[in-house]
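The sequence and structure come first.

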Amino acid sequence: MPAITINHAREHIGEQVTIQGWLYNKRSSGKILFLQVRDGTGVIQAVISAVDTSALFDQAEGLTRETSLVMRGTVRADDRAPTGCELQPTSIDVIHSPDVPFPIDLKEHTPGFLMDQRHLWIRTGRQVPILRIRDAVFRAFRQFFHDRGFIATEAPILTGTSVEGTTTLFELDYFGDKAYLSQSGQLYLEATAMALGNVYWIGPAFRAEKSKTRKHITEFWIAEAEMAFCDHAANLEIQEQLVSYIVDFVAGERKQELQQLGRDPAALRAQVKLPFPRIDYADAVDRLSKAGHDITFGDDFGAPHEATLAEMFGRPVFVERFPSAMKPFYMKRDPKDEARVLGADLIAPEGYGEIIGGSQREDSYAALVAHMEEQKLPLDAYQWYLDLRRFGSVPHAGFGMGMERVVTWLCGAAHIREAIPFARQINRLYP
Ligand code: 4AD
Ligand code: MG
């Protein structure tokens, strides 16, 4: 009898099946035992009666949480179960039975305890649907660009330069020279875009940010695209289409997981109806100070500002044309106002913060060198990047999306540390 997975159990009503998994929880009500068995795709309840199957009942009574097992039995329809069915087992083969109690109860624990037990925590509660949604977000991103003829590429993780400013670099010794962990693949994607046209990747990014917020981790997954012959307006259009596509894809494929997390797939879809509003940075500052925030032109947005903007719009909103002084050297200046850049941040609804940063890139050699000199960057290390403006420079644009920020938003998670299997934070390198 081939094993089935729990998410497909309802297709086997009335049939004998085999399920391989772990004992998630056990309850009893007098002469009936309810075993909840999980296998990563879902949780199914097995019902064992002491009257009808006393030997099996006695065996099952002794099982402890997270025992790995193979269970055989008949699938019965049950409309109240999230899976739409339950199992009436005929046999249970134990694969491994833990010697000590599983450390995570299904009650409240402190976040610190849970993070210390992260390798086990991921088996429980909301963590499984969150990681299943994460899988769908990654797949949607790749599918979106593949369908549009973009070429998947890769950028190095060990780099000799900074992209997003020198203050958040992780430095390491590289055979006697200095190297850094990549903050973003962007500069390399600009090079591959000049070779291949339109490119994308998902890769790890590192920021030695001393921020202890619910939106920052020191190692995150950045999803980036870079497009040759593309300007600022077209850049925003593809970003909004992408976000809308991802939400639609996840709402379709991970509907049940969203519902388990208390998220309404239809409400998420409604949030991402196109087009997204675009507001000028100066307008955003104006609206925020009118709403009572202490903010002036030239200030960066903090979490409270992002939350207010989200509340004002109720859907993702682009803030565009930031002051040049606030943004990295590579952003193209607005020809109508050199003090502003042709870039935008996309702010998620519900206070989940900035999910995308992007811009049209400076394509003039002279202007790029001037920006780099202003920001006191070592020109030697960037000669390869300047070559992209020496040999057939074209208008081009791109962006980077923080995958954990998107997952946090879609899952309605309280903290970004739940949106990645093993979060790296300033105080955390274990497990
Ligand atoms: O806005 P950022 O810094 O932009 C770049 O890195 C560009 N080079 C991308 C590009 O144009 N190709 O980072 C992009 C996104 C942010 O909008 C945010 O969602 C996420 O990455 N991000 C973080 N996510 C989690 N933890 C952190 N410490 C993050 N820093 C940025
Ligand atoms: Mg940014």
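Two strands are said to pair if DSSP finds at least two bridges between them. Helices (H or I, at least four residues) and strands (E, at least two) are DSSP runs, numbered from the N terminus. The model is a predicted one, in which local features need pLDDT of at least 70 and side-chain atom pairs count only at pLDDT 80 or more, while totals for chains, interfaces and linings use all residues. Residues are numbered from 1 along each chain as its sequence is written, chains are lettered from A and ligands numbered from 1 in the order in which they are written, and side-chain values use heavy atoms, with hydrogens and water left out.

**Overview**

The chain has 13 helices and 19 strands. Its C-alpha atoms fill a box of roughly 85 × 50 × 45 Å along the principal axes. Of the 431 residues, 52% are buried; buried means under 20% relative accessible area, exposed means over 50%, and partly exposed is in between (1.4 Å probe, protein chains only). Contact means heavy atoms within 4.5 Å. Among contacts between residues at least 6 apart in sequence, 67% join residues at least 24 apart.

**The sheet**

An open sheet of 8 strands runs in the order β7-β11-β12-β19-β18-β17-β14-β13, and its pairing is mixed. The edge positions are taken by β7 (151-152) and β13; each has a single partner strand, so one side of each is left without a neighbour in the sheet. Strands of a sheet pair through backbone hydrogen bonds, either parallel or antiparallel.

| Strand pair | Bridges | Residue pair |
|---|---|---|
| β12 (residues 219-228) and β19 | 7 bridges | Glu224 and Gly400 |
| β18 and β19 (residues 396-402) | 5 bridges | Gln360 and Ala397 |
| β17 (residues 343-347) and β18 | 5 bridges | Gly343 and Ser359 |

Strand β18 (residues 354-360) is mostly covered, with 5 of its 7 residues buried. With β17 it forms a hairpin that has 6 residues between the two strands. In the turn of this hairpin, Glu350 has a positive phi of about 60 degrees.

**Helices on and around the sheet**

Helix α5 (residues 186-196) lies across β7, β11 (198-206), β12 and β19, and runs at about 30 degrees to β12. Axes are lines fitted to C-alpha atoms, for helices over the stretch in contact, and angles run from 0 to 180 degrees between N-to-C directions.

Gln239 belongs to helix α6 (residues 232-253). With a relative accessible area of 0%, Gln239 is buried. Leaving aside neighbours within four places in sequence, Gln239 is in contact with Phe318, Ile356 and Phe399.

**Helices α9 and α10**

Helix α9 (residues 281-290) packs on helix α10 (residues 303-313) at an angle of about 95 degrees, with the axes 10 Å apart. That makes α9 roughly perpendicular to α10; angles under 35 degrees count as roughly parallel, over 145 as roughly antiparallel, 65 to 115 as roughly perpendicular and the rest as oblique. In this contact, Ala284, Arg287 and Leu288 of α9 meet His305, Thr308, Leu309, Met312 and Phe313 of α10.

Which residues of α9 are buried? They are Tyr281, Ala284, Val285 and Leu288. They cover an arc of only 100 degrees around the axis, which puts them on the same side of α9; the arc is that of the directions from the helix axis to the C-beta atoms. An α-helix has 3.6 residues a turn, so residues three or four places apart point the same way. The buried residues of α9 pack against β13 (278-280), α10, β14 (317-320) and β16 (337-341).

**Helices α11 and α12**

The axes of helix α11 (residues 365-374) and helix α12 (residues 383-390) come within 9 Å and cross at roughly 155 degrees. That makes α11 roughly antiparallel to α12. Tyr365, Leu368, Val369 and Met372 in α11 meet Tyr385, Leu386, Arg389 and Arg390 in α12.

Trp384 also lies in α12. At 28% relative accessibility, Trp384 counts as partly exposed. Not counting residues up to four places away in sequence, Trp384 touches Leu187, Tyr188 and Ala191. Trp384 and His305 are 79 residues apart in sequence and 38 Å apart in space, C-alpha to C-alpha.
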